[in-house]
Amino acid sequence: MRSFLPPRTRRSPLGPALLAAILLAWASPAGAVPPDVAEQRDATLQRVLETARATGALEPGPVTMAGRTAAPPRLEPMKSPERRPASPPVTTDWSPYGGPFGYDQAAHLLHRATIGARFDEISAAVDRGLSAEIDLLLTPRLPPPPPGAWATEPFPDVSDWTQEMIDSLITVYRERGERLRMWWLEAIVEEPDVAVTEAMTLFWHDHFATAMSDVTLPQSMYIQNRLFRTHATGSFRDLVDAICVDPAMLIWLDGNQNRVGDVNENFARELLELFTLGLDQYTQEDVVAASRAFTGYATFDGVTSVFVPEWHDYGMKTFLGQEGPWYGPDIVEILFEQEETARFLVRKLYRWFVDEHPDEALVEDLAQTLRQNDYEIAPVLERIFASEHFFDPEYRGSVFCDGIDRSAGLVRALGIGGTDFQDLEGGPAVWALYAMVIQGHILFEPPNVAGWPGYRSWLNTYTMPWRKTLDVGLIDGEVSGFDIGMQADVMALAATWRDPNDPYQLIDDVALHFFGMEPTELVRQRMLDELLQGAEPWEWNLGIPEAEDRIQGLLRLAMRLPDFQLK
């Protein structure tokens with residue numbers, strides 16, 4: 001995407017006509033739009049956006065289950081940028097892991113790298129070995145089919161529509177938005193093989209946080225999600241290039257309102273603070289300069305971006321100490337000349353996959369890997385997953401399960417496939433939306449531009465009891481008498497464990513399957529007592545009449561243990 005602009009042009013001011021042509025090449029093939037047409041099309045788009053936002057039409061919910069309406073929790077950030085004083089000293093690094101790769105290590109890898117690992121996948125990982133498993137995890141996947149032809153349908157010209165027609169369109173968009181949410185959840189549940197794609201798509205959604213309730217156009221959110229999938233483990237540089245003219249991002253951060261003489265700083269500020277550099281790495285003057293560079297880009301149909309030459313500021317700008325007639329691609333190029341850009345992203349990847357408190361020496365080492373590979377993500381993930389540090393026992397259970405782990409991920413881990421989530425009134429969709437709302441982790445609906453606070457904020461006195469209730473509902477097939485339309489087949493699940501007739505082995509496999517790590521002796525004994533119900537170990541096997549009830553009871557207990565909230 002950046003190749004159309006040779007570096008030498010940054011040292012030689014361009015004429016407005018040539019610069020306009022270059023800027024146009026950066027956007028989609030939709031082309032340049034005359035200013036009078038742009039004003040008219042923007043006015044019609046803003047009319048729909050303002051109507052939808054004023055009424056909260058695209059906000060998820062309310063969703064009611066068993067007579068109770070879900071209310072989203074207030075997730076307060078509970079994290080520190082520095083390691084806790086009580087944290088163990090870091091004794092491992094990114095050196096290649098040289099230990100055994102058995103069920104314990106495979107469970108840890110898949111719990112961190114995927115959403116909802118099944119036990120048969122853990123077993124297959126052991127058979128393949130660490131290197132081959134990482135190769136499989138990082139193999140690019142084809143995106144799932146779109147949720148409908150509407151997913152790439154341009155926003156219509158509504159200039160002569162009545163308010164009633166506008167309201168009807170917003171109603172259609174609301175339903176499509178809910179279907180899009182369930183489409184992504186289904187993509188996670190039905191992922192046919194282990195891959196980091198869904199986890200990285202969620203990572204980028206959190207990183208470039210964009211909310212459907214504000215964007216309003218579900219097709220814009222679908223196109224952005226497709227963008228994240230395309231670049232899931234690819235070039236971070238190319239992804240930043242693309243997000244700058246992404247229709248959903250242009251709507252979300254007011255790109256249409258960013259014009260020469262009347263700049264809107266929203267996108268430029270978040271580009272620097274949240275997407276590339278982080279706090280305290282730039283000045284207000286840099287924000288203004290970047291904002292001016294990004295003037296002229298807009299979306300009017302929600303599926304493509306266009307350039308309005310008359311809206312662009314062609315003047316000289318000073319950005320991060322470099323002066324020139326900068327425009328969007330220049331700003332991105334300068335940002336990727338800053339060493340802090342690699343550090344900033346690597347810290348977020350570390351927190352996502354390893355631990356909340358990154359060691360700065362390890363960050364610098366990994367940032368160098370990112371720079372050396374021209375900001376390709378796959379080599380960084382490969383180094384993380386294949387390292388002594390990643391498999392260090394001190395970091396087992398140091399990451400909190402998020403709401404998607406405990407909704408879509410749990411459905412997948414339990415092997416509940418072939419479920420219809422597109423019936424929005426059906427039990428599965430009601431349970432799924434209820435689970436996302438109640439845990440504060442709603443797909444396509446981050447709380448703000450900074451994304452979800454994560455870490456310990458996922459668990460509080462409101463979310464924790466609901467997690468237990470909703471999770472156990474998948475074992476029982478109902479929540480407080482409400483039929484959720486799906487239920488785990490625990491006997492089929494047990495058949496995937498190594499030796500379900502051995503109670504000790506069964507307990508260890510349940511822990512590896514659902515905790516991603518071996519249980520402590522205290523937890524192991526508690527789980528064993530639940531399974532045996534006073535019987536002797538030698539009396540247990542899958543053939544006894546009460547075997548199904550016993551396994552259900554064991555899984556209910558496992559889902560109520562603190563270990564189940566960690567990975």
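**Exercise 1.** Determine whether Cys244 is buried or exposed in this predicted model, and state how many disulfides the structure holds.

*Solution.* Step 1: The relative accessible area of Cys244 is 4%. Step 2: Buried means under 20% relative accessible area, so Cys244 is classed as buried. Step 3: Cys401 is likewise buried, with a relative accessible area of 4%. Step 4: A disulfide requires a pair of cysteine sulfur atoms within 2.5 Å, and the structure holds zero disulfides.

**Exercise 2.** Describe the salt bridge between Asp42 and Arg259 and locate both residues.

*Solution.* Step 1: The closest N and O atoms of Asp42 and Arg259 are 3.1 Å apart. Step 2: Asp42 belongs to helix α2, whereas Arg259 lies in the loop between α11 and α12. Step 4: Both Asp42 and Arg259 are buried.

**Exercise 3.** Classify the two partners of the salt bridge between Glu364 and Arg343 by their accessibility.

*Solution.* Step 1: In this pair, the closest N and O atoms are 2.5 Å apart. Step 2: Glu364 is in helix α16 and Arg343 in helix α15. Step 3: Glu364 has a relative accessible area of 29% and is partly exposed. Step 4: Arg343, at 17%, is buried. Step 5: Both residues belong to a network of salt bridges that also includes Glu339 and Arg371.

**Exercise 4.** Explain why helix α14 is described as largely enclosed by the rest of the structure.

*Solution.* Step 1: Helix α14 comprises residues 328-335. Step 2: Among its buried residues are Gly328, Asp330 and Leu335.

Notes
Residues numbered from 1 in each chain as written. Predicted model: local features only at pLDDT ≥ 70, side-chain atom pairs only at ≥ 80, totals over all residues. Heavy atoms only, no water. Buried < 20%, exposed > 50% of the residue type's maximum accessible area, 1.4 Å probe, protein only. Helix = DSSP H or I, 4+ residues; strand = E, 2+ residues; numbered from the N terminus. Salt bridge = Lys/Arg side-chain N within 4 Å of Asp/Glu carboxyl O.
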